[in-house]
Amino acid sequence: MIASPARRLRILGGIAFLTLTATYLHVRPQWKRASFDYARDYYQSMSNYFGRGVYNNTLYTEGNEELVNQFYNSSNPCVSFPNSDGILLVMKTGATEAFDRIPTHLLTTLSCLPDFLIFSDMEQQIGPYHIYDALAEFEESAKAHNADFDLYRDQKECPVSQKSCVDAKRDGQKAWNLDKYKFLPMMEQTWRMRPGRDWYIFAEADTYVFWANIIHWLKEESRLNPREKLYLGSRSFIGGTPFAHGGSGYIISGTLLKHLIEYHPGVVKQYNVKGANECCGDLMLAQALDEYESVKVRQAWPMINGEKPSTLPYGPGHWCEPILTMHHMNAEEISSVWQFEQTRKTDRTLLIKDLYDALIMPKMQVSRQNWDNLSDDVCYINPDPDAQQRAEGHLRDRQKKEGDMNDVEKEAWKSPENCAKVCESQDVPDEEEWDLQTVVARKDGDPGTTNDTENAEDTSPSDAAAREAWKKSLNEKKRNRSCFQHRWHEEVCCTAKSFKLGAPKSAPDNGNAKAKWVSGWHLKGINDWIAAMGECKKPAWKTPDL
C-alpha cells in the first residue's frame with residue numbers, strides 16, 4: 001500500500017524530530033563547555049596577536065633581578081631613543097663579513113637611527129639597505145700592481161656568495177690587508193653624500209655604540225664645540241704616532257671633516273698610494289689629519305673602549321665611567337647588549353659597572369676549568385730554565401722579581417691551588433672582627449666574673465672613634481687591592497689587578513695536567529672592593545685631552 005503524500009510528510013517529520021532529540025541529548029552535557037572553550041580560544045588568539053613582541057627576558061637571572069625586567073617588550077624599541085639630529089653614524093665592514101655582521105645591527109643598534117651610511121670593499125645590498133663601495137673611485141694605477149687588491153678583484157669575480165668563495169680560500173689576512181685603504185676614501189664619500197653634520201661617528205661592524213650615552217655626551221656633558229676641529233677616540237700608538245683605534249670607534253667634528261676634504265683635494269689620492277707601505281688605515285687617517293690640519297686625537301678612553309663585556313677590566317678606572325662604545329662584539333653579543341639596554345629598569349646613564357652587575361656578576365664563580373680569564377698583570381713562573389723558555393715572552397717580562405716575592409708567591413707556579421693563594425693573601429679583616437680584637441683579656445689566674453662581657457664592650461667616644469678609624473683603614477686597603485683573580489697554565493701563574501670573565505679554552509688532547517687552563521676569581525676580594533667603593537654618586541665623564 002502506497003502512503004499518501006501527507007502521510008509520508010508526517011513520517012519524515014517524526015524521523016527528523018527523533019534525530020534532533022537524540023542529537024540534543026547527546027551534545028547537551030558538552031554544550032556549555034564547548035561554547036566557553038571556543039570563546040577562550042578566540043580570546044587567546046587575539047591576545048597573542050595584540051601582545052606580540054612581549055617575551056621572557058632571557059637575560060633575567062638570579063643576581064640581576066633588580067636591574068632588568070623579567071619580560072622583554074620588543075614592540076616599540078625606539079620609544080626612548082634620543083634625538084640624533086646633527087649626528088651621523090658611518091659603519092665600515094667588508095664583503096667577506098657583511099652578511100654575518102650587519103643584519104644584527106640593522107635589527108638592533110641601527111634600527112632607531114633616521115640615517116646612516118655603510119661602507120665596504122664591494123657594493124652590496126641587504127634587504128632595503130645599501131652598502132657602498134669605499135674603493136669604487138680608487139685609482140686603477142694604484143690598484144693594478146698592488147697585491148693587497150687581489151681580494152678586491154677576486155670578490156668581483158666570485159659567481160656565488162662571498163662567504164662561499166671566502167670559505168673555500170680561508171685567507172682572512174687578505175681582508176685585513178685591503179681594509180686599510182678604505183679609511184680616507186670613506187671620509188671623502190661621507191662628506192660628499194652627507195655634508196654638514198655636527199658630528200660623524202665612525203665604527204666597525206663589530207663595534208657596539210651606546211646611543212643614549214654618546215648622544216648625551218656629545219650634546220651635553222662634553223661641552224665640545226663641533227665648529228672646532230676635533231678628533232676623538234681611544235688613543236693608541238704605532239711608531240710614536242698617536243691615533244684613534246678604529247675598532248673602538250672614533251668621532252670627527254663636521255668642521256674637521258669639511259676642512260680635510262674640501263680644503264685638501266689631493267689628500268685621498270696621496271694616502272691611497274701611501275697605503276702600500278703602512279700597516280693600518282686608522283693610523284693613516286691620523287697622519288693625514290696631523291699633516292694637513294695639525295689635529296691630533298683627543299683621548300676619550302675608557303668611555304670609547306676596545307673591549308666587550310666579557311673582557312672589560314672591571315675595577316679601578318673601569319667602574320663609574322660611562323660606556324660609549326665597545327669592540328670585538330659578535331652578533332650574539334650585540335643582540336644581548338641591545339636587549340640589556342631595552343630591558344633595564346632605569347634610564348639613568350649606563351656605567352661600566354652596570355655591565356658587570358647585570359651581565360657578568362651572575363656568571364662569576366670561584367674557578368673554571370679550560371678557561372682563560374685573561375689574568376696577566378703579574379706572573380710567577382717555574383724558575384727552571386726550560387719552563388722559563390716555554391713561557392710566553394710578555395709573561396716572562398711581567399714576572400715579579402724573586403727578591404720581591406713573599407713565601408706564598410714563591411710557590412704560586414706549582415699548582416692552581418697555590419696560584420689562588422696569591423689573591424687570598426691580600427685579604428683584610430671584616431668589620432665584624434673588631435669585637436674579637438677589643439675583648440679585654442683576663443690576666444692569667446684571675447677568676448672570671450659576670451662583668452667580663454660588659455667590661456669588654458667599651459662604648460666610650462674614644463672607642464667609637466678608634467673603631468671608625470679602623471673601619472676606614474680597612475676600606476682603604478680593600479680599595480687598594482691589587483689581586484682579584486688568577487690564571488694557571490703550563491706552570492705559569494698570573495694574577496690580575498682587575499676582574500674579567502674571559503673566554504673558554506680547549507682542553508689538552510693528551511690529558512697533560514700541566515697543559516690545562518685553570519682560571520679563578522677571588523670573589524671575597526672582588527665583593528670587598530665593590531662594597532668599599534660604594535655607589536657611584538655620579539657618572540665619571542671624561543674630558544677628552546691631548
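## Salt bridges, sheet and helix packing

Asp-133 is buried, with a relative accessible area of 8%. Here buried means under 20% relative accessible area, exposed means over 50%, and partly exposed covers the range in between (1.4 Å probe, protein chains only). The model is predicted, so local features need a pLDDT of at least 70 and side-chain atom pairs count only at pLDDT 80 or more, while totals for chains, interfaces and linings use all residues. Residues are numbered from 1 along each chain as its sequence is written, and side-chain values use heavy atoms, with hydrogens and water left out.

**The chain as a whole**

The chain contains 21 helices and 21 strands, taken as DSSP runs numbered from the N terminus (helices: H or I, at least four residues; strands: E, at least two). Of its 546 residues, 45% count as buried. Among contacts (heavy atoms within 4.5 Å) between residues at least 6 apart in sequence, 73% join residues at least 24 apart.

**Salt bridges**

Side chains of opposite charge can pair when their charged atoms come close. A salt bridge is counted when a side-chain nitrogen of Lys or Arg lies within 4 Å of a carboxyl oxygen of Asp or Glu. The chain has 29 salt bridges by this rule.

Asp-133 takes part in one of them, with Lys-156 as its partner at 3.9 Å, N to O. Lys-156 belongs to helix α4 (residues 150–157) and Asp-133 to strand β6 (residues 129–133), so this pair ties together parts that are 23 residues apart in sequence.

Another salt bridge joins Glu-140 and Lys-143. These two residues are three apart in helix α3 (residues 140–144), a separation of about one helical turn. Glu-140 is exposed, at 56% relative accessible area, whereas Lys-143 is buried, at 6%.

Lys-258 pairs with Glu-262, and both lie in helix α9 (residues 254–262), four residues apart, about one turn of the helix. Lys-258 is partly exposed at 30% relative accessibility, and Glu-262 is partly exposed at 41%.

| Salt bridge | N to O distance |
|---|---|
| Lys-156 and Asp-133 | 3.9 Å |
| Glu-140 and Lys-143 | 3.1 Å |
| Lys-258 and Glu-262 | 3.0 Å |

Salt bridges also form a network that links Lys-92, Asp-121, Asp-179, Lys-182 and Glu-204.

**The eight-stranded sheet**

Strands of a sheet pair through backbone hydrogen bonds, either parallel or antiparallel. Two strands are taken to pair if DSSP finds at least two bridges between them. Eight strands make up an open sheet with mixed pairing, in the order β5-β6-β4-β3-β7-β12-β9-β13. At its edges stand β5 (124–126) and β13 (298–299), each with a single partner strand, so one side of each has no neighbour in the sheet.

β3 and strand β4 (residues 116–120) run parallel and are joined by four bridges. Lys-92, a member of the salt-bridge network, has Phe-119 of β4 as its bridge partner.

Ile-252 is the bridge partner of Tyr-200, while Ile-251 stands opposite Leu-232. In a regular strand the side chains alternate between the two faces of the sheet. In β12, Tyr-250 and Ile-252 point one way, Ile-251 and Ser-253 point the other way, and all are buried.

Helix α9 lies across β7, β9 and β12, and runs at about 75 degrees to β12. Axes are lines fitted to C-alpha atoms, for helices over the stretch in contact, and angles run from 0 to 180 degrees between N-to-C directions.

**Helix packing and a loop residue**

The axes of α4 and helix α6 (residues 172–179) come within 8 Å and cross at roughly 110 degrees. That makes α4 roughly perpendicular to α6 (65 to 115 degrees; under 35 is roughly parallel, over 145 roughly antiparallel, and the rest oblique). Asp-150, Leu-151, Tyr-152 and Asp-154 of α4 make the contact with Lys-174, Ala-175 and Leu-178 of α6.

Phe-81 sits in the loop between β2 (71–73) and β3 (87–92), and is buried at 18% relative accessibility. Not counting residues up to four places away in sequence, Phe-81 touches Cys-112, Leu-113 and Trp-211. Phe-81 and Leu-113 are 32 residues apart in sequence, and their C-alpha atoms are 8.7 Å apart.
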